[in-house]
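Me: Could you walk me through this model with a few questions?

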Amino acid sequence: MREKIRFFDVLRCVAALAVVAIHVLGPYRDQLGEIADSAWMTAITVNSFSRWAVPVFIMITGALMLSDTRPFELSYYVRRRLGKVLLPFLVWSVFYALLSGLTFDGYDSVVAWDTLKALPVHETYYHLGFFYYFIPLYFVVPFFRYLVQHNDRLAVIAMTSLWLGITALFLFKIDGPWSQELVLYSGYLLLGYCLFQYRWPPVGWLVVLGCVALVLTAYMVISHSFANGEYTVGRWLSYKTLNTALIAAMVFALGRLVAERMSEGWLDRIAFMSRYSLGIYLLHPIFLWPVRAYDWYFFPPVIMIPLLTLIITALALAASWLLARSPKTAWLVP
């Protein structure tokens, strides 16, 4: 069990950093022609190379929950699994809805109220969109858990392979009933399980395919954007496409290899950050807000993106740790 815990700690940490980096570089995306081409391409390359972060979080969930062989208890599952995520999501959604009314000219309560009213169908702040496709996966997990427990390795791999084929269709805009968000996201649960339990696909193939997908993703986004004279991504930066799935699978497998070779001291430090990875995800926009609102991007992207990513992550980690110290607020950063 020790290897499993360390392994997921490493993945949670790198995924949290990648998410923060994606949001830090956000303002650069629409500055094609306004900043140097080299600076813009640096930001877009980082963006293209970081899209695996959200899928990796889903894959960790799949690896853990589908591997659970204990008898399924609905009340425990709803209270300890679904409730643990749902309640903080609702509270933070209200908080960020109120924050959305803050402007340079004062507080706009109409904007805040309109944002809050849209909560059932739309995120109240950009990073909370993740929960709109992540929370429904909790209703899929019990069925997938039954599926993997009552089918052999070959059958589970076959179903995962079918899903990978569907992500390829979606990438090239061949749409159909398979293009539903729940279908496209739920496959990451199976992919995480296969990588964890079967080490499939093999890491050697994943490194080759993942690196090709990384380069191809960045190339397609940059070339299409220059051709159109504006930031253009098609579906290459979607979380639901084959290129992103291959990159995420590569990161997942490499994270396992790295964890096996790390010292105990580093693993302990990573475990501390991993404990607050969801808190980092929930809180980092609070510290990023003034940076983006007041355009505190003083240096080229090659310096600014990693610098701000580290600073914002550290602040969000500290805030999560402080909230977790009190039983009255610990549930906000589960």
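Reply: Gladly! A pocket is an open set of points on a 1 Å grid over the protein atoms alone, where a 1.4 Å probe fits, with protein on both sides within 12 Å along at least five of seven lines; lining residues have an atom within 4 Å of a point. Grid points are joined across faces, edges and corners, and a volume is the space filled by probe spheres set on them. This is a predicted model: local features need pLDDT of at least 70 and side-chain atom pairs pLDDT 80 or more, while totals for chains, interfaces and linings use all residues. Residues are numbered from 1 along each chain as its sequence is written, and side-chain values use heavy atoms, without hydrogens or water.

Me: What is the volume of the second largest pocket?

Reply: Its lining has 16 residues, with I22, H23, R51, Y126 and Y239 closest to the centre. By kind, the lining holds four polar, four charged and eight nonpolar residues (Ala, Val, Leu, Ile, Met, Phe, Trp, Tyr, Cys and Pro are nonpolar; Asp, Glu, Lys and Arg charged; the others, including Gly, polar). The volume is about 340 Å³.

Me: And how many charged residues line the largest pocket?

Reply: The largest pocket has a volume of about 1200 Å³. Its lining counts 38 residues, and R12, L64, M65, R81 and K84 lie nearest the centre. Sorted by kind, 22 are nonpolar and five polar, and the charged ones number 11.

Me: Is N47 buried or exposed?

Reply: Buried means under 20% relative accessible area, exposed over 50%, and partly exposed in between (1.4 Å probe, protein chains only). The relative accessible area of N47 is 0%, so N47 is buried.
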